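Try each task before you read its solution.

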Amino acid sequence: MATSRKQPQQERSRETVAVLLEAAAQVFERDGYSATTTNRIAARAGVSIGSLYQYFPNKEALVAALAEQYLHDAEARVSATFHRLAEERSTLETLLWELVRFIVDARRPDLFRELFERSPRTPELLALLRDTQRRTARRLTGELWRVGVVMDDPDATSLLIVQGMSAQVAGSVLPASDAERDTRVRQVVDLWMRALS
């Protein structure tokens, strides 16, 4: 994976990297992957192009760093959601509903599309996404056991749910109008309730 050229050691350097990543996220969301340039990102961040290149040699390095940050944040949020659901002793239906809503309400869905659907799908980027899906699936397996779902192949079942829900949300729920969105979410939940019953 294209990585940053220089790892920030001092607080000021870490702040610069954070500003560059946020600027990159905003430009990717606004302009799309194809139209985004490192010059636009540097301008948005308020730094020179030379400062950007100290940390990121090219646009692909920014995509890699943003993707890693995005998935790390998503994992932390889904883990907190599963923890809360376990404390609340939620039902299977509530678990599925929360998982679909989590995917729908994922922070910055436009950024996700630019990073994982519209940018070049490098082997490293795909591996990062798959590893995150597998870790999420392992956490989901524990929640499914907790709510009483018996599975012949728990790891495969959980991975199918994570990947399937992600595809259903991207293909059916998010493109729907605001008025139709809750109906589509309900359809996805009902589909998985039937599959797991």
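Before you start, one cut-off: a residue is buried when its relative accessible area is under 20%, exposed when that area is over 50%, and partly exposed in between. By that rule R118, at 49% relative accessibility, counts as partly exposed. Keep in mind that you're looking at a predicted model.

**Exercise 1. Get your bearings**

Task: Work out how many helices and strands the protein has, and what share of its residues is buried.

Solution: 
- Step 1: Go through the secondary structure, and you'll find nine helices and zero strands. Written along the sequence, that reads α-α-α-α-α-α-α-α-α.
- Step 2: Check the burial. The protein has 197 residues, and 39% of them count as buried.
- Step 3: Box it in. Along the principal axes, the C-alpha atoms fill roughly 55 × 35 × 30 Å.
- Step 4: Look at the contacts. Take those between residues at least 6 apart in sequence, and 70% of them join residues at least 24 apart.

**Exercise 2. How does α1 pack on α6?**

Task: Describe the packing of helix α1 (residues 11–35) on helix α6 (residues 109–118) by angle and axis distance, then list who touches whom.

Solution: 
- Step 1: Two packed helices are described by the angle between their axes and the distance between the axes.
- Step 2: For α1 and α6, the angle is about 70 degrees and the axes are 9 Å apart. Angles of 65 to 115 degrees count as roughly perpendicular, so α1 is roughly perpendicular to α6.
- Step 3: As for handedness, the crossing of α1 past α6 is left-handed.
- Step 4: On the α1 side you have A25, F28, E29, G32 and Y33, and they meet D110, L111, E114 and R118 of α6. Sorted by class, this contact of α1 with α6 has four nonpolar, one polar and four charged residues.

**Exercise 3. α5 against α9**

Task: Say which classes of residue make up the contact of α5 with α9.

Solution: 
- Step 1: Start with the geometry. Helix α9 (residues 178–196) and α5 pack at about 135 degrees, with their axes 9 Å apart. α5 is therefore oblique to α9, and the crossing is right-handed.
- Step 2: α5 brings L92, E93, L96, W97, V100, R101 and V104, while α9 brings R181, D182, V185, R186, V188, V189, W192, M193 and L196.
- Step 3: Sort them, and you get eleven nonpolar, no polar and five charged residues.

**Exercise 4. Follow the charges**

Task: Identify the salt-bridge partners of R84, and say where they sit.

Solution: 
- Step 1: Side chains of opposite charge can pair when their charged atoms come close. There are 17 salt bridges in the structure.
- Step 2: One partner of R84 is E88, at 3.4 Å from N to O. Both lie in helix α4 (residues 59–88), four residues apart, about one turn of the helix.
- Step 3: E98 also bridges to R84, with the closest N and O atoms 2.8 Å apart. E98 lies in helix α5 (residues 92–104) and R84 in helix α4, so this pair ties together parts that are 14 residues apart in sequence.
- Step 4: Check the accessibility. R84 is partly exposed at 30%, E88 is partly exposed at 47%, and E98 is partly exposed at 23%.

**Exercise 5. Back to α6**

Solution: 
- Step 1: The side chains of E114 and R118 meet at 2.6 Å, N to O. They are four residues apart in helix α6, about one helical turn.
- Step 2: The relative accessible area of E114 is 7%, so E114 is buried. R118 is partly exposed at 49%.

Methods: Residues numbered from 1 in each chain as written. Predicted model: local features only at pLDDT ≥ 70, side-chain atom pairs only at ≥ 80, totals over all residues. Heavy atoms only, no water. Axes fitted to C-alpha atoms, helices over the stretch in contact; angles between N-to-C directions. Helix = DSSP H or I, 4+ residues; strand = E, 2+ residues; numbered from the N terminus. Parallel < 35°, antiparallel > 145°, perpendicular 65-115°, else oblique. Left-handed = near helix turned anticlockwise from the far one by under 90°. Contact = heavy atoms within 4.5 Å. Nonpolar A, V, L, I, M, F, W, Y, C, P; charged D, E, K, R; others polar. Salt bridge = Lys/Arg side-chain N within 4 Å of Asp/Glu carboxyl O. Buried < 20%, exposed > 50% of the residue type's maximum accessible area, 1.4 Å probe, protein only.
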